[in-house]
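Hello,

Here is the structure we talked about handing over. Please open it first, then read the notes below.

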Amino acid sequence: MRLKIDTASIEFRVAGTVRPRQVSKDDKRQKTTPDSDGHRPVWTVRLTAYDSAAGSTEMIWVEVAGQEPELTPNEIASVQGLTYAPWVNNKKEIVRAFRAEAVALVGNARRAAA
């Protein structure tokens with residue numbers, strides 16, 4: 001189950017470089033996700049999320065499919081369609097998984113919307 005996250009009071013800052021999401025620890029190929037045009041590559045983005053309503057900060061890893069996001073570390077990012085989808089690994093541990101429809105620098109997101 002994927003749970004949508006209300007990001008209205010959250011400010012995101014890019015906390016690292018964009019990296020290809022690997023299929024697994026043993027399989028270093030880039031993970032892809034199917035769509036109507038074939039397969040889209042999956043990217044991993046590290047973000048710092050600051051929730052002004054709660055006054056808390058958390059570092060999260062977010063997966064986004066499609067073209068590689070053009071992000072600059074320490075810049076403010078816009079995150080669209082953020083979801084949380086926990087799953088259980090082979091060690092019976094709950095793994096947090098955040099996914100987004102898109103991640104872009106705030107200035108780039110404004111230009112794209114114009």
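**Two loop residues**

Asn74 is exposed, because its relative accessibility of 53% is over the 50% cut-off. Please note that this is a predicted model. Asn74 sits in the loop between β6 and β7. Its phi is near 70°, which is positive in a residue other than glycine. Most residues other than glycine have a negative phi.

Lys92 is another residue to look at. Its phi is near 65°, again a positive value in a residue other than glycine. The loop that holds Lys92 runs between β9 (87–88) and β10 (94–95). Lys92 has a relative accessible area of 70%, so it counts as exposed.

**Phe12 and strand β2**

Now to Phe12, which belongs to strand β2. Phe12 counts as buried because its relative accessibility is 3%, and the cut-off for buried is under 20%.

Strand β2 covers residues 10–14 and pairs with β5 (residues 38–51) in the antiparallel sense, over five bridges. Within that pairing, Arg13 is opposite Thr48 of β5. β2 also pairs with β7 (residues 76–80), antiparallel again, over two bridges. Here Phe12 is opposite Ala77 of β7.

What does Phe12 touch, leaving aside its neighbours within four places in sequence? Its contacts are Thr7, Leu47, Thr48, Ala49, Ile60, Glu75, Ile76, Ala77, Val79 and Leu82. Take Ile60 from that list. Phe12 and Ile60 are 48 residues apart in sequence, yet their C-alpha atoms are 9.8 Å apart in space.

**Glu63 and its arginines**

Glu63 is in strand β6, which spans residues 56–65. Is Glu63 buried or exposed? It counts as buried, because its relative accessibility is 15% and buried means under 20%.

Two polar contacts involve the Glu63 side chain. One, of 2.6 Å, joins it to the side chain of Arg21. The other, of 3.5 Å, joins it to the side chain of Arg99. Not counting residues up to four places away in sequence, Glu63 touches Arg21, Val42, Trp43, Thr44, Phe98, Arg99 and Ala100.

The largest pocket holds about 700 Å³ of space. It is lined by 21 residues, and the closest to its centre are Arg21, Lys25, Trp87, Asn89 and Val95. The elements giving two or more residues to this lining are β6 and β11 (98–100). β6 gives the most, with three residues. By class, the lining of the largest pocket has seven nonpolar, five polar and nine charged residues.

The second largest pocket holds about 330 Å³. Its lining has 17 residues, and nearest its centre lie Arg2, Glu63, Ala65, Arg99 and Ala100. The elements that each give two or more residues to this lining are β4 (32–35), β5, β6 and β11. The largest share, three residues, comes from β6. By class, this lining divides into six nonpolar, four polar and seven charged residues.

Arg21, among the residues closest to the centre of the largest pocket, has the 2.6 Å polar contact with Glu63.

Over to you.

How values were computed: Residues are numbered from 1 along each chain as its sequence is written. This is a predicted model: local features need pLDDT of at least 70, side-chain atom pairs count only at pLDDT 80 or more; totals for chains, interfaces and linings use all residues. Side-chain values use heavy atoms; hydrogens and water are left out. Helices (H or I, at least four residues) and strands (E, at least two) are DSSP runs, numbered from the N terminus. Buried means under 20% relative accessible area, exposed over 50%, partly exposed in between (1.4 Å probe, protein chains only). A polar contact is a pair of N or O atoms within 3.5 Å; within protein, one must be able to donate a hydrogen and the other to accept it, and residues adjacent in sequence count only if both atoms are side-chain atoms. Contact means heavy atoms within 4.5 Å. Two strands pair if DSSP finds at least two bridges between them. On a 1 Å grid over the protein atoms alone, a cavity is a set of points where a 1.4 Å probe fits but cannot get out, and a pocket is an open set with protein on both sides within 12 Å along at least five of seven lines; lining residues have an atom within 4 Å of a point. Grid points are joined across faces, edges and corners, and a volume is the space filled by probe spheres set on the points. Ala, Val, Leu, Ile, Met, Phe, Trp, Tyr, Cys and Pro count as nonpolar, Asp, Glu, Lys and Arg as charged, and the others, Gly among them, as polar.
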